[in-house]
Amino acid sequence: MEINSLTGEFVHAPTERAFLQHKQDQTQSLLGFTLTFCTVFYLGFFATDLAALGWGHDTMALLGARIAVALTAGSCAWLAYRRVLSVPAARLAASLAEGVALACFMFIAVLRPAEFHWHAMSLAIMLVVVYLYIPNRLRYASTIAVVATIVFVVLAAEYSRMSSADKFTMGMLLVLVNTFGFLAARRFQYVSREEFRSWSVLKHAAERDHLTGCFNRRYLHDQLMGGRWRERAPDADSLSVVLCDIDRFKQINDTHGHGDGDMVLRGFARILQVAVRDGVDSVVRYGGEEFLVVLPGTDLAGALRLAERLRVTFAATEVVSTDGATRLRATASFGVASVDLAQFTFEHPLRHLISAADELMYRAKHNGRDRIESLQLAGPARKSGAVR
Ligand SMILES: Nc1nc2c(ncn2[C@@H]2O[C@H](COP(=O)(O)OP(=O)(O)OP(=O)(O)O)[C@@H](O)[C@H]2O)c(=O)[nH]1
């Protein structure tokens with residue numbers, strides 16, 4: 001999870017996407033709030049147009065510009081509050097509001113040429129807002145800020161009545177604002193990603209089993225049994241579980257040692273993790289050498305096919321011992337249980353499935369190991385069968 005020190009973004013693109021997704025709700029509410037706040041202030045500053053120019057054609061033109069900004073920024077704020085925006089859409093809204101506000105600001109500056117020193121101060125405040133308060137990608141915010149600064153300096157050279165020394169001082173101050181704005185924004189980007197990095201490490205440690213990388217019992221109880229399996233496949237009409245237990249694992253430990261036992265466990269976990277659908281199915285280390293696979297949206301036939309594939313793959317896989325001298329082979333027994341969610345009326349189907357799969361797995365052990373026992377829980381006539 002390396003962070004680029006210039007852009008403040010994660011170097012690894014999927015990690016950056018995960019970070020942005022994780023922050024999206026917060027980003028949208030911050031975008032909505034900041035743009036609303038800026039819209040109100042931008043309109044409020046019409047009072048200064050009136051004070052400087054009085055009622056007249058130019059003042060009305062400036063009012064038109066301020067209303068254009070209010071409409072753009074206000075619509076973007078409304079969108080940010082009301083809609084779930086994608087990351088690029090939220091960035092587009094931020095950049096559009098910033099671009100329109102700064103363009104209208106240049107128009108205001110040109111129509112009030114006697115006050116370029118005040119305009120420089122206003123621009124500096126706007127740049128701080130662009131760099132730090134409106135959530136946007138750092139490279140977009142800094143491009144907008146630098147372009148606005150250059151345009152403003154050119155306009156000041158053309159329209160202002162400031163002395164050359166004042167113009168120079170103003171230019172230097174704007175360079176300073178951009179530099180500190182960029183540095184502060186970059187630091188903020190960096191720190192929020194560091195925070196995400198720590199959060200991810202803690203989350204991983206809290207949810208995963210250290211040895212195999214599978215989900216742990218806490219995740220099963222807090223998340224999956226709490227209903228998360230449904231979030232993983234909202235339209236699922238069936239739910240299945242496969243409970244797997246490595247056969248005669250004690251013997252492997254006793255014969256080859258715990259280190260090699262661990263290698264077998266890791267190898268089995270890897271086979272399970274590779275076989276399931278990422279982001280939909282979950283592999284849980286249920287006990288020492290027992291693993292649970294939760295399959296939302298998979299019916300009994302699908303779960304049986306998967307279990308058979310797992311059984312055959314594991315039985316055919318050789319695990320190289322820690323010293324590289326021995327090749328270990330093991331088998332596993334499987335209990336597969338499934339429900340049709342439309343027919344199954346109990347409140348916690350997962351709990352019922354796990355307890356059924358547990359019994360089935362023990363039946364598979366009793367019936368000779370390296371085999372699968374299955375049960376369809378839903379429906380008036382329960383059918384059970386054995387495979388292999
Ligand atoms: N190496 C290693 N062994 C573990 C771990 N967790 C549990 N075990 C061992 O797994 C073994 C499980 O043995 P049993 O419950 O008797 O089952 P089994 O030998 O697999 O026999 P059957 O399940 O009846 O086929 C025990 O010896 C535990 O010490 C672990 O993380 N690493």
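**Ground rules**

I number residues from 1 along each chain, as its sequence is written. The model is predicted, so I take local features only at pLDDT of at least 70 and side-chain atom pairs only at pLDDT 80 or more, while totals for chains, interfaces and linings use all residues.

**Overall shape**

I started with the element count: the chain has 12 helices and eight strands. Both are DSSP runs numbered from the N terminus, helices being H or I with at least four residues and strands being E with at least two. Next I checked the spread. The radius of gyration is 31 Å, well over the 21 Å from the globule rule for 388 residues, so the chain is more spread out than a compact globule. (That radius is taken over C-alpha atoms, and the rule is 2.2 Å times the number of residues to the power 0.38.) Along the principal axes, the C-alpha atoms fill a box of roughly 95 × 55 × 25 Å.

How much of the chain is buried? I get 35% of the 388 residues. Buried here takes 20 or more other C-beta atoms within 10 Å of the residue's own; 12 or fewer is exposed, in between is partly exposed, and C-beta atoms are placed from the backbone. I also looked at contacts, meaning residue pairs whose C-beta atoms, placed from the backbone, lie within 7 Å. Of the contacts with a separation of 6 or more, 72% join residues 24 or more positions apart.

**Annotated spans**

Residues 30–48 come out 95% helix and 0% strand, with the end C-alpha atoms 28 Å apart. Residues 92–110 are 100% helix and 0% strand, and their end C-alpha atoms are 27 Å apart.

**Ligand shell**

I count 17 residues around the ligand, and the closest are F249, K250, H258, G261 and G288. A residue qualifies if its C-beta atom, placed from the backbone, lies within 6 Å of the molecule. Which elements supply at least two shell residues each? Strand 1 (238–246), helix 9 (249–256) and helix 10 (258–275) do. By class I have four nonpolar, five polar and eight charged residues. (Nonpolar means Ala, Val, Leu, Ile, Met, Phe, Trp, Tyr, Cys and Pro; charged means Asp, Glu, Lys and Arg; the others, Gly among them, are polar.)

**Cores**

The largest nonpolar core has 50 residues, with V241, V242 and A357 making the most contacts inside it. Helix 12 (residues 349–366) gives the most to this core, eight residues. A second, separate core has 40 residues, including A109, F116, L127 and A148. I define a core as buried Ala, Val, Leu, Ile, Met, Phe, Trp, Tyr and Cys residues joined through C-beta atoms within 7 Å. Leaving out residues up to four places away in sequence, V242 touches V293, A303, L306, A307, F334, V336 and A357.

**Single residues**

C38 is in helix 1 (residues 13–44) and is buried, with 23 C-beta neighbours inside 10 Å. Beyond four places in sequence, C38 touches A73, A101 and V129.

L138 is in helix 6 (residues 138–159) and is partly exposed, with 18 other C-beta atoms within 10 Å. L138 and R186 are 48 residues apart in sequence and 7.0 Å apart in space, C-alpha to C-alpha.

V175, in helix 7 (residues 164–207), is partly exposed with 13 other C-beta atoms within 10 Å. I took its C-alpha distance to L306 as well: 63 Å, across 131 residues of sequence.

**Positive phi**

Most residues other than glycine have a negative phi. I noted two with positive values. R248 has phi near 45° and sits in the loop between strand 1 and helix 9. D370 has phi of about 50°, in the loop between helix 12 and strand 7 (372–376). R248 is partly exposed, with 14 other C-beta atoms within 10 Å, and D370 is partly exposed, with 17.

Conventions
Contact = placed C-beta atoms within 7 Å.
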